[in-house]
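Colleague: I have a model open and would like to learn how to read it. Could we go through it feature by feature?

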Amino acid sequence: MAFTMEYTSTVHGVTYALTAVDNGAAVDLDLVGTGDAGEIVAEGQVRLPPGGATAAAGLIRTALTAIATFEGRRPRTRVGNSHARWTQPDDESLRTDWLSYPPSTPATTAIRELAAARKRSSAAIRARLGRVGCDPDVAGRLLTAETASLVGRNAVAGEMFIADVEAAPGLP
């Protein structure tokens with residue numbers, strides 16, 4: 001399947017243009033970076049065999065992450081299960097564990113502990129709590145209909161979540 005893709009991005013005054021062309025026999029990548037005055041400050045070409053993009057992407061990412069580290073920039077790290085789909089057992093476990101905390105526990109402490117145990121970010125845990133009927137601001141507490149409307153983002157009242165799981169497995 002032949003295709004051509006073009007990407008452009010400007011960072012720190014340098015405009016990068018990346019063109020990827022798949023002619024069926026190989027994928028050619030062409031990168032050009034130009035400064036504010038139009039001068040070429042970066043350029044390079046890579047030819048990959050069919051099916052070689054995944055391995056090359058991992059290698060390039062590793063190399064660029066190392067270079068960024070040498071330049072004094074810390075690369076963003078991904079949490080183990082980031083972007084993994086939440087399953088019904090994940091939701092039920094999160095809800096059960098959240099409700100086991102006494103309300104005197106600071107919510108941030110409980111969220112950090114739950115995130116570490118699940119290899120998810122604290123933001124992911126906090127966002128998911130409302131979707132499983134738990135109040136993300138008070139450890140061990142269910143959402144009421146009123147607080148669910150304040151939390152928003154698909155939050156449901158605690159009692160409604162129980163009915164929803166039984167009626168429609170596979171919540172968002």
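The dialogue below goes through the fold, the sheet, its hairpins and a surface patch.

Modeller: Some ground rules come with it. This is a predicted model, so local features need pLDDT of at least 70 and side-chain atom pairs count only at pLDDT 80 or more, while totals for chains, interfaces and linings use all residues. Residues are numbered from 1 along each chain as its sequence is written, and side-chain values use heavy atoms, with hydrogens and water left out.

Colleague: Which pattern does the chain follow along the sequence?

Modeller: Helices (H or I, at least four residues) and strands (E, at least two) are DSSP runs, numbered from the N terminus. Here there are six helices and four strands, in the pattern β-β-β-β-α-α-α-α-α-α.

Colleague: In what order do the strands form the sheet?

Modeller: Two strands pair if DSSP finds at least two bridges between them. In this model the sheet is open and antiparallel, with the order β1-β2-β3-β4. β1 and β4 (40-48) are the edge strands, each pairing on one side only. From one strand to the next the twist averages 10°, an angle between N-to-C directions, on a scale from 0 to 180 degrees, of lines fitted to C-alpha atoms.

Colleague: How many bridges join β1 to β2?

Modeller: Nine, and the two strands run antiparallel. Met5 has Ala20 in β2 as its bridge partner, and Val11 has Val14. Two residues lie between β1 and β2 in their hairpin, where His12 in the turn has a positive phi of about 50°.

Colleague: And what joins β2 to β3?

Modeller: Eight bridges, again antiparallel, with β3 covering residues 27-34. Ala17 has Val32 in β3 as its bridge partner. This hairpin has four residues between the strands, and Gly24 takes a positive phi near 100°.

Colleague: Which residues form the nonpolar patch on the surface?

Modeller: A patch takes residues with over 30% relative accessible area and no salt bridge, joining like charges within 9 Å and nonpolar side chains (Val, Leu, Ile, Met, Phe, Trp, Tyr) within 5 Å. A salt bridge is a side-chain nitrogen of Lys or Arg within 4 Å of a carboxyl oxygen of Asp or Glu. Here the members are Met5, Tyr7, Val11, Tyr16, Leu18 and Leu31, with about 470 Å² of accessible area together (Shrake-Rupley method, 1.4 Å probe). β1 (3-11) and β2 (14-22) each supply at least two of the residues, and β1 gives the most, with three.
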